[in-house]
Amino acid sequence: MKKIWFLLVLLPGLIHAEPLEYFLPKGDLYNATLPSPDVYLGQDLGDRHLRHDQLVSYFKFLAAGSANAQLVQYGETNEGRPLLLLAISSKSNIDNLDQVKKDKNTLKIWNGFSVHGDESSGSNASVLYAWYLLATNNPEVKKYLENTVVLIDPSFNPDGLARFTTHVNNSRSVTTVKDPNDISHKERWPTGRTNHYWFDLNRDWLLLTQTESKARVAMFQDWHPHVLTDHHEMGASSSFFFQPGVPSRKNPKITAENQMLTAKIAEHHAKALDAVGQTYYSKESFDDFYPGKGSTYPDLQGSIGILFEQSTANGGVMNTSNGERSLATGVRNQFLTALSTVKGADANRRAILDYQNNFFKNAQAQAAKSNAAGYLVDVSDNAYRGKQLLEFLKSHQIEVKNLAVNKSVAGKSFKKNQAFYLSLNQKQTTLLQSFFSADTSFNDNTFYDVSSWHLGMAWGLPFTSTNSAVEGNDDFSALNVKNQYKKGALNYVFDWHSGNAAAALHYLMQLNVPVRISSKPLHVDGVKVPAGSFLIEGNAQSEDQLFSTLSTITDAFSVKWYPVSTALAQSGIDLGSSNVQQVKQPKVMMVVGEGIDAYQAGSIWHLFDTQVYLPLTKVYSHQLSRIDFNDYSHIILPSGNYKNSLNKNTQAALKTWVKQGGTLIGLQKGAQFIEQLQTSKEDKKDTPDEEKATVTRLSYADYDKNQAERVLGGAIVAADADLTHPLAFGTKNNTQYALMKGSSVLKASDNPFATPLQITEKVRAAGFVSDHWQEKLKNKPLVVAEKSGRGQFIKFGFNPNFRAFWKGTQQWLINSIFQSKLIRNTTLSKDAEEDGHHH
C-alpha cells in the first residue's frame with residue numbers, strides 16, 4: 001500500500017489535492033490542539049468531495065473541542081439528515097448565546113453553503129472556514145469575534161449533497177480525468193441540485209413548502225443576522241462572481257443603503273481574491289429581485305444578503321474553454337470570501353448595525369405615507385386553508401389579525417371571523433408589501449427567476465387593500481372545524497370544498513369503505529354541499545369504527561361532514577341518482593427520468609405524497625415499454641421530451657389504454673405530447689415557404705432586450721373558470737390566477753365544453769408579460785379535458801401546483817385524479833353510447 005501511495009504522489013495526473021497552506025492566509029499561526037479538517041478526516045481538501053456525514057462529524061468534533069463554538073441542530077431533512085448551525089464567537093458570547101442573539105450591538109453573520117447540493121465547493125470549504133476561525137491565533141480575527149457571532153451552515157441541502165457526492169465519488173478514477181465528457185462530470189437524473197422532493201431550495205426561502213426551508217427560516221427569524229452569505233457554483237468556464245448584481249435588476253423594495261453596504265463589503269472580496277490572483281466580476285448576470293432566494297430574502301428584512309458564484313469543477317478537476325477548474329480552487333475561493341465577509345462587515349460594523357436597527361421603523365414610516373393601510377384576505381371558503389395561511393404568515397413573523405367586524409371595500413365583502421387583516425403598520429411591512437405586489441411594469445424586463453409571487457392570487461383567496469385601519473383581534477377559533485356525530489344516520493356527506501377533502505377521500509378508500517361522489521350539488525335533509533362532494537353509508541362500518549373514522553377526518557383533515565337521515569332531496573338530485581357514482585381507488589403512475597422537468601415532477605410527487613397521502617408510482621420513461629398500463633387508472637406526464645423516449649408501440653399502447661378507460665394527464669410539454677398523440681399524421685401540414693413569416697432585421701445591440709420580450713420567466717395571468725366542470729370542483733372563484741413559466745401554449749379544443757379554464761383577454765395579472773406573450777396568450781386554454789372512448793386526455797398549459805405554493809390552482813390537478821371519471825362525453829358523437837349515457 002505504501003508503494004501505491006508513493007506512486008500516486010510522484011506521478012503527474014494522479015491526485016489533485018492541495019496542501020493546507022494553499023488555502024490559508026499567509027503568516028497565521030494555529031492552535032495545534034485542534035486538528036485541521038485534512039488531519040481529522042484523513043483526506044486532503046479538494047481531493048474527493050466531502051460527504052455530508054463527514055461534515056457533521058467534523059462540526060461535532062469542533063464544537064466539543066472548543067469553548068468558542070456551539071453546535072445547534074435546527075431541523076432534519078426528509079431523508080433524516082441533520083440541519084446544523086455552528087455558532088463561533090468569544091467564549092463569553094458562546095456562554096450567553098441567547099442573550100447575545102438579542103443584542104443589537106453584536107454583529108451576526110450567517111455563512112450558508114451549497115443550497116444546491118451539486119455546487120459542493122461551498123460545503124467543502126465550510127470545514128476549513130470553521131476550523132480557521134477557531135484555530136487561528138490571528139489577533140485581528142480574535143478581535144472580530146469579541147463582538148461578532150459567526151453562524152456557519154455547512155449544507156443548506158444535505159440530501160442533494162449526498163446524492164451528488166455519492167455519484168461523483170463513485171465515478172472518480174485514481175487518475176485525474178479532466179475531460180468534461182467523463183461521467184464524473186455528468187450527473188444523472190435527478191441531479192444533486194435539488195432536495196429529496198426535487199425542489200430547488202434556493203427558490204423556497206419565501207414559499208416555505210419544504211421542510212429544510214421551514215426550519216431554516218425559523219432559525220433566520222430567531223437570529224435575524226445582519227449579513228447572510230449564499231455560496232453557489234456556476235458554469236465551469238466562468239470565473240468568480242460576488243454581489244452587487246445588475247443594478248437595474250434589483251427588487252424595488254431593496255434600499256439604496258443595502259446596495260451601498262453590499263458594495264462596501266465587496267471591496268474586501270476583491271482584495272482577498274486579488275491576493276491569490278483569482279479573476280472575478282460583479283454587477284453582471286445575476287439579479288437581486290425574487291425574495292425566494294437566499295441572497296434576496298434577507299434584503300427585505302434589514303439584513304444584507306450576498307451571493308457568491310464559483311465556477312464549478314463537477315467531478316473534481318475539469319478542462320474548460322477558459323482553462324482548468326478544480327475543486328481545490330473552489331474551496332479556496334469560497335473560504336476566502338466567507339472570511340472577507342467577516343472582515344468587510346467588521347470594517348463597516350457601525351453602519352451595518354445602524355442599518356438594521358433603523359430599517360423596520362423607516363419601512364413603517366414609508367408605508368404610512370402610502371394610500372393603503374393594509375390588506376384583507378377572505379378565508380371563509382376553507383378554514384383549513386385559513387389555518388395554513390395563518391401558520392405561513394407567522395413563519396415570516398408577519399402579524400395577522402382576525403377580522404373583528406364585517407367590512408366592505410370596493411364592492412368586496414369580508415365577514416367577521418372569516419377573514420384576516422394584515423396591517424402595513426408592522427415590522428415586516430416590506431415583506432408583506434412584496435407578497436401583495438401586483439406590478440406588471442418594471443424598469444428592467446430581464447428576470448433571473450419569476451417576476452411575481454402574489455400571495456392572494458397564488459392561494460386563490462379573495463383579497464383587497466384597504467386605505468383605513470380595520471378592527472381585528474387574535475381570536476382565530478372560527479378556523480377550527482366542528483362536526484356533530486349522529487348515531488344511526490343513513491349516510492354521511494362530506495363537503496369537497498372543505499379541509500383536505502382529497503386526503504379524507506383517499507383515507508376512506510384505504511379503509512375499504514365504499515364511497516360515492518356526486519357530479520351535482522346536493523340538498524338533502526337540510527344539508528347543502530357542492531358538486532364533487534362524496535358520501536358513505538351509515539352502516540359502512542361498525543358504530544365504534546365509524547365514530548373513529550369520522551373523528552379522524554375532522555381532526556386530521558378538517559373536512560366538514562354531515563349526517564343525513566334520508567336519500568330524498570329537498571331540491572336537485574336524490575342520493576340514489578345516477579349522478580352519484582361509486583368511485584374506485586385510483587392507482588397513479590408518473591413518468592420521470594432524463595428529459596423530464598424534475599422540478600415539476602417533484603412538485604407533483606410532493607403534492608400527492610405529503611398532502612393527499614396517495615402512493616404515486618414513479619416510472620422511468622425508458623421503462624414504459626415494459627409496463628402494463630392496465631395496472632393503472634391514471635398516468636401523469638410532467639413537462640418534458642417524450643417524443644424520443646417513447647417509441648411508436650408505447651404511444652399506441654397509451655392511446656389504447658385511454659380508450660379503454662385510462663386517464664392520461666399532461667402538463668405543458670407533456671400536454672403538447674398528448675396533442676401529438678391525438679393528432680394523426682394526415683392532419684399535420686407544413687407551412688408553405690411563401691406563407692412563412694419574413695424575418696425582420698434587428699440591431700445586434702438590442703439582442704438582450706429582444707430575448708427578454710420572448711422569455712416568459714414566471715408571471716401571473718388571469719383566467720376564467722367554468723366552475724360547473726368536474727375539474728373545477730372545490731374551487732370557488734370565477735377568476736383564477738395561474739403562474740405561467742415556459743413556452744408551452746395549448747391548442748384550442750374542437751369541443752366547446754372541453755376548456756374549463758381559459759386565459760382572459762386581459763392576460764396580465766402580476767409580473768412581467770411582454771407584448772409578445774400578451775398576444776400569444778390571450779384567450780388561450782389553460783386546461784383542456786377531452787374524452788376518448790371510455791377514458792380521457794387532460795391537458796394543462798401550466799403547472800397548477802407551481803413550486804407547491806400555488807394552492808389556488810392545485811385543486812385542478814387533484815381533481816384530475818379524483819373527479820376525472822365524472823367528465824361526460826360532450827362531443828355528441830357515436831362514442832356517447834360507450835360512456836353509458838342512455839336516455
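Author: What follows is a short chat about helix packing and nonpolar cores. This is a predicted model, where local features need pLDDT of at least 70, side-chain atom pairs count only at pLDDT 80 or more, and totals for chains, interfaces and linings use all residues. Residues are numbered from 1 along each chain as its sequence is written, and side-chain values use heavy atoms, with hydrogens and water left out.

Reader: OK. At roughly what angle do α11 and α13 cross?

Author: Helix α11 (residues 256–275) and helix α13 (residues 349–368) cross at roughly 155 degrees, and their axes come within 11 Å. Axes are lines fitted to C-alpha atoms, for helices over the stretch in contact, and angles run from 0 to 180 degrees between N-to-C directions. Helices are DSSP runs (H or I, at least four residues), numbered from the N terminus.

Reader: So how are α11 and α13 oriented to each other?

Author: They are therefore roughly antiparallel, a label for angles over 145 degrees.

Reader: Which residues of α11 and α13 meet?

Author: Glu257, Asn258, Leu261 and Ile265 in α11 meet Ala351, Ile352 and Tyr355 in α13.

Reader: New topic. How many residues has the largest nonpolar core?

Author: That core has 74 residues, and Phe494, Phe534 and Ile636 have the most contacts inside it. A nonpolar core is a set of buried Ala, Val, Leu, Ile, Met, Phe, Trp, Tyr and Cys residues joined through side-chain atoms within 4.5 Å; buried means under 20% relative accessible area (1.4 Å probe, protein chains only).

Reader: Which helix gives the most to this core?

Author: Helix α17 (residues 501–510), with seven residues.

Reader: And what is Ile636 in contact with?

Author: Leaving aside neighbours within four places in sequence, its contacts (heavy atoms within 4.5 Å) include Val588, Phe608 and Ile817.

Definitions and conventions: Helix = DSSP H or I, 4+ residues; strand = E, 2+ residues; numbered from the N terminus. Parallel < 35°, antiparallel > 145°, perpendicular 65-115°, else oblique. Buried < 20%, exposed > 50% of the residue type's maximum accessible area, 1.4 Å probe, protein only.
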